[in-house]
Each structure stands twice: as structure tokens, then as C-alpha cells.
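Please keep the viewer open while you read.

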Amino acid sequence: MASVVFQDVVKKFGTFTAVSDLNLEVRDKEFLVLLGPSGCGKTTTMRMVAGLEEVTAGEIFIGGDRVNDVLPKYRDVAMVFQSYALYPHLSVADNIGYPLKIRKVPQDKQRQMVMEVARRVELDGLLDRLPKQLSGGQRQRVALARAIIRTPKVFLMDEPLSNLDAKLRVQMRAELKHLQHELQVTTIYVTHDQIEAMTLAHRVAVMNKGVIEQLGTPRQIYNDPRTLFVAGFIGSPPMNLIDGEVKDGVFTSLGGVRVDGLGSANAASAVLGVRPEDIHVLPAGSEKTNVMAPIYSVELTGESTLVTLRAGAALLTVRADKNFVGDFDQMVEIGFAPGRVFLFDRQSQDRVD
Ligand code: ATP
């Protein structure tokens, strides 16, 4: 069993608080993603687990053991970094086998284990090469192979795919997911890429300014965002957020967006949130119209068409059918999917519906 538990963990650099009051349990065998914008404290959190950064206050437990005072090399975690951190003068085989060498595993056994793990990540034909003779994706595989050659209690992965091109990133993402399923090792994975988080994680912890704003499955985070920050951060293109007021369950914006049936919500300064995929273009003259607005731009992405409308001061993005055809300034009628409209309080940033 190797859960990772953070209890009231704080990390300060001088007077600056990078992580405040973190309470989180990463379950045994779980793939947990720390997701958030640059500077929110993800890497610092991970480095505290590895022992590369001391905690200012609070406690960290790995597999039930308090590790605050345990040296990094005795924590039994394996890290994979964005930069791969390979030894340039060592061959692929020696890079992969390095953790075994420092643990003085017999040479024969080392060779056998290197072969096995290299086969698993499809590097078995490249074992004699130096890192500089490899592509980015192959280097990434070497870093991964070096991490999985022994079974640590925990994998710590810090943006491991961010140096790869888009196509390779998608391919490695699937491989990572499969690997984790096979190895069943507790994994903490840091990224600022919400698609990576949604596709890989059992649970996602969305971080902002040193605090976890929401913890949940990808589905929960997408379908039930509890704060304005989480709502705006998850989803591509992002959720439409429109300022206005809500009185007795009726939302109105300056631009003429009017949505009723929002319960008994009241807020003088509210934000209405609706995802592009939850707005539908309606046939002209439809009874269900929420908004009629002129087209600002139309972009065909392949699987759908993104239609941006001008609703007063706000721009509203709609994910329409791939066959949608429309011209600049043409008026379009749209409706919002029932139950898929969220209300937030502008001041507190929390959900109010
Ligand atoms: P990124 O995605 O850019 O790596 P992050 O979410 O991983 O961001 P951290 O690296 O954890 O962010 O940094 C959190 C905050 O702590 C940042 O504001 C950063 O400037 C600050 N910080 C990190 N390390 C130090 C340090 N050694 N000394 C001072 N401030 C630091």
C-alpha cells in the first residue's frame, strides 16, 4: 500500500507562500493529476513528496510512514521530469539501468531487466545509442524506462510530455495511461494541460495560487465546477462566462442574454457560465431561443464548427455542427442546454446555483 497523504502542508519561500494548507490523500494505485496554471504550486508540491524541498509546516506520509525527515533516496519514489534529465555520456542501456547500478544489482540481472523494460517501451533496438542520437520521444521513453525499471512506491511526473510535439504527446499519453494500468503504481502527475489531466487522471486536483480549488474525477470537474476558476480552466474552448445580474432565478446581461429557470438565485453581480458544446444553434423562429446574436467569426475545426457570436459586450462561443454554414453579421438564434448553465457569484467566485 502506498498512499501519499498531505496533512496541513505549507510551503513558504521567505515570506511568499507557494503552497498553503494542503490537505490531500492520493490513494494507493491512484493516478492523481495536479492541474493548474504556471506558478500555482504544483511542482513545489511534488518536490516536497520527493524530499527535494522541505515542508515549512505540516506532514507528508508515504505508505503510512511520515517522511518529513526522510532523505530523498530513502523515500522510494521515482521522478520523471520535463527535461528528461538523462546522462549525456551514458548509453540508453546504461541510462535505463542506472537505478539498478546504484543499488548494486548483479550485472546479469541488470542486463536482463534493462532488456525487459526496453522492450516494454519499444527501445530495444536503440540500447547502444547516446541520448543525443535520439528523438525527443525516444529520450522521453528512456526517462520513463529508467523510472519503471524498479517498482517504486510512487511515481512523480512533472510535465513529462511537454517537450514533445503535439502528435507524439497524444501517442505517449495513451502509452502512459496503459503503463500505469499495468504497473499499478501510485502516480502524482503535474501538468498545466487540462486535456492531459482529463484523459489521464483517476482524479484531478485543480490548483490555483497555492490552494486546491477542487478535487474530483475528470467528469465531476467538467460537469460540476464549484468555482469560477475551475469552470474557466477546464474545457476547450473554455466555458463562456458572461457578467450580469440574477434576480429570482432570472439572469440578464447587459448584452441582452436572458436565461430564466435558475431556481431562486439572487446576486447583483453574477457570472453565467455555459460551455460552447452546451449551446445549440436553433432553426430560425424557434420558440426556445435564449439569445439572438450576430456572427462574429466562424472556424471549422474538423469535427465541429466554432461559431463566435457578439452578445452585447460579450463574445459567445458555440460549438456547432461541422456542416454549419454562416456569414459574418448573420443573425443566429441559440438555446442553452437545460441543466448545463452555471451561475457564479462575481465577488466570492463560488457557484450559487
Ligand atoms: P510551473 O508550471 O510554471 O512550473 P508550478 O505550478 O509548478 O508552475 P511552482 O514551481 O510550484 O509552480 O512555484 C510556485 C510558486 O513558488 C511560484 O510563484 C514560484 O515563483 C515560487 N517558487 C518556487 N520555487 C521557489 C524558490 N526556490 N524560491 C522562491 N520562490 C519559489
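The sections below cover the ligand shell, a sheet and the nonpolar core.

## About the model

This is a predicted model, in which local features need pLDDT of at least 70, side-chain atom pairs count only at pLDDT 80 or more, and totals for chains, interfaces and linings use all residues. Numbering starts from 1 along each chain as its sequence is written.

## Around the ligand

Among the residues surrounding the ligand are Phe 13, Lys 42, Thr 43 and His 192 (C-beta atom, placed from the backbone, within 6 Å). Strand E2 (16-26) and helix H1 (42-50) each supply at least two shell residues, and H1 gives the most, with three. Helices (H or I, at least four residues) and strands (E, at least two) are DSSP runs numbered from the N terminus.

By type, the shell holds four nonpolar, seven polar and one charged residue; Asp, Glu, Lys and Arg count as charged, and Gly is among the polar ones.

## An open sheet

Five strands form an open antiparallel sheet in the order E13-E12-E11-E14-E20, where pairing takes at least two DSSP bridges. E13 (258-259) and E20 (341-345) are at the edges with a single partner strand each, so one side of each has no neighbour in the sheet. Within E13, Val 259 is the bridge partner of Phe 251.

## The nonpolar core

The largest nonpolar core has 93 residues, with Val 154, Ile 188 and Leu 272 making the most contacts inside it. Such a core joins buried nonpolar residues through C-beta atoms within 7 Å, buried meaning 20 or more other C-beta atoms within 10 Å. Helix H4 (residues 136-148) gives the most to this core, with six residues.

Note on methods. A residue is buried if 20 or more other C-beta atoms lie within 10 Å of its own, exposed if 12 or fewer, and partly exposed in between; C-beta atoms are placed from the backbone.
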